[in-house]
Amino acid sequence: MTTATITAASKATPQTERFDRRDGSLVLAHILFAFAALFLGGIAGVLQGLVRGGMIELPAGIGYYQLLTAHGVLMALIFTTFFIIGFLYSGLSKTLGGQLLPISRRMGWVGFGLMALGTVIGTVVILLNQASVLYTFYAPLKASPFFYIALAHVVVGSWISGLGMFYNYRYWKKTNKGKMSPLFSFMAVATMIMWQICTIGVAIEVLFQLIPWSFGWVDTINVLLSRTLFWYFGHPLVYFWLLPAYICWYVVIPKIIGGKIFSDALARLSFMLFILFSIPVGFHHQLMEPGISQFWKYLQVVLTFMVIVPSLMTAFSLFASFELYGRSKGAKGLFGWFKYLPWKDVRFFAPFMGMLIFIPAGAGGIINASHQMNAVVHNTLWVTGHFHLTVATSVALTFFGITYWLIPAITGRTLTKRMNGWGIVQTILWCVGMFFMSGAMHTVGLFGSPRRTAYTTYGDHPDAILWMPYHVAMAIGGTILFVAVVIMIANIVGLLRAPKGDTEYPIGEVAETAEKTPALLERWGVWIGVCVVLIIVAYTIPIMDMIGNDVPGSPGYKMW
């Protein structure tokens, strides 16, 4: 597929169905709010990188840890959550009858309003230097109670949006008895089920620990329990980011390249396995944490490695789709299909680069989850580098690729050849910037450079002096990434002003040769029940020990 066919595919055709305007407004509000957060978080991120590299000093009393918190909250929590909910609502509207139910749409707006209000309050509190807690609710660092209340608004808003999706999906199932639900809607519901379950942990932490503690109603906090509740949420949060990218890879990309989905059953099974094994694994983030039995750490590490299975299934399915498409075009040899992929189409190119980079990102995750190797990289910049490969590259690039067709599809615009070209440039810049930044983070992390620290040479210690060239490389990479962010924002403005036309919302079809999908894969009660059992097994006894034993509490600290 050439860039000329991109515009051609976006022209009005008798077969193209216009996206419902009321649903489009809801989706667009989420997407634009997400990218506003990305832009502000990008400013904080590039300043943070320049400070860490010793290249600038912040003016006007702005603190490094203010920037670190703002960067993490706005980019890792707000950008992703708003984009995901908007994207999922768009797919439900498209696949469940062409429009959302009025009550689901209203719930989407209520959720959006609560999340937006929480974001504004939380950002103000961060900028006032009342919440420099590195974004992870990590006691005993203590923020203003209004920071925790603000982010509780974001979580509750996302719950309401998720319930709106469930209601729409359930209504479709009731009115289409005996039919298998559309793959996109199935995956959207699976994603939000995982989100609703995993956010229970952080909700309990915020409501019963952090808010009373930050208001001064209690003097101390059980740090071990607090961190455990956070990581009960913190690891599945990564899959909340990843699963919408997987939806694009499974459902959208085959349509964009002109191929077919390799297997509907395999796709659904992989999402069910993510629900089972992505939640009861938080202890692998606490392998260096005292107070947790080695047995429970071992159990959750085993469950962590089980998550590799659906990831490998996804990789197999995606590349099988690519190969089948290439073979249908006459490709020969082991990798002959590679040249038939539409490399000049940003809707494919950006997500594909995300897929490609997920290979080393996943390998890094295996290292982080391995007890002995984790001891080497724990709390070093290696971990930050891994995080930026998974979320800031694989997920972000996929979301960028989605944006290039989603905005035209919901606004009645077209992706022009020029806009597509700028999208390719933006994608390449993102990959180059991340190569410098994440590559330097991984390398200097192996040399022991800690994460989450401002510029320091530790009294000109030889090891710290050795780290400095890598910190400079990180700053250079961060600057390139910020340029890519600016181009992305300019591209979004361009998409909103692009020529009018009917752009297809790309939903792939399953290959004729695929096996029939077993009905068991839509028995939600069975899969959620197994998930709950695994969570109970993995967490009940350790949490009872944390509550029942004489775990010392800690007062709060404001370090900056």
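1. What is the volume of the largest cavity? In this predicted model, the largest cavity has a volume of about 110 Å³. The structure holds three cavities of 30 Å³ or more.

2. Which residues line the largest cavity? The lining is made up of Leu77, Thr81, Phe137, Leu151, Val154, Val155, Trp195, Val202 and Phe233. By type, eight of the lining residues are nonpolar, one is polar and none is charged.

3. The helices that contribute to this lining may be noted next. At least two lining residues come from each of α3 (64–95), α5 (145–175) and α6 (183–215). Helix α5 gives the most, with three residues.

4. The second largest cavity contains about 50 Å³ of space. Its lining consists of Asn129, Gln130, Ala131, Ser132, Val133, Lys142, Lys558, Met559 and Trp560. These lining residues divide into four nonpolar, three polar and two charged. For the largest cavity, by comparison, the division is eight nonpolar, one polar and no charged.

5. With neighbours within four places in sequence left aside, Trp172 is in contact with Thr95, Leu96, Lys179, Met180, Ser181 and Pro182.

Technical notes: Residues are numbered from 1 along each chain as its sequence is written. This is a predicted model: local features need pLDDT of at least 70, side-chain atom pairs count only at pLDDT 80 or more; totals for chains, interfaces and linings use all residues. Side-chain values use heavy atoms; hydrogens and water are left out. On a 1 Å grid over the protein atoms alone, a cavity is a set of points where a 1.4 Å probe fits but cannot get out, and a pocket is an open set with protein on both sides within 12 Å along at least five of seven lines; lining residues have an atom within 4 Å of a point. Grid points are joined across faces, edges and corners, and a volume is the space filled by probe spheres set on the points. Helices (H or I, at least four residues) and strands (E, at least two) are DSSP runs, numbered from the N terminus. Ala, Val, Leu, Ile, Met, Phe, Trp, Tyr, Cys and Pro count as nonpolar, Asp, Glu, Lys and Arg as charged, and the others, Gly among them, as polar. Contact means heavy atoms within 4.5 Å.
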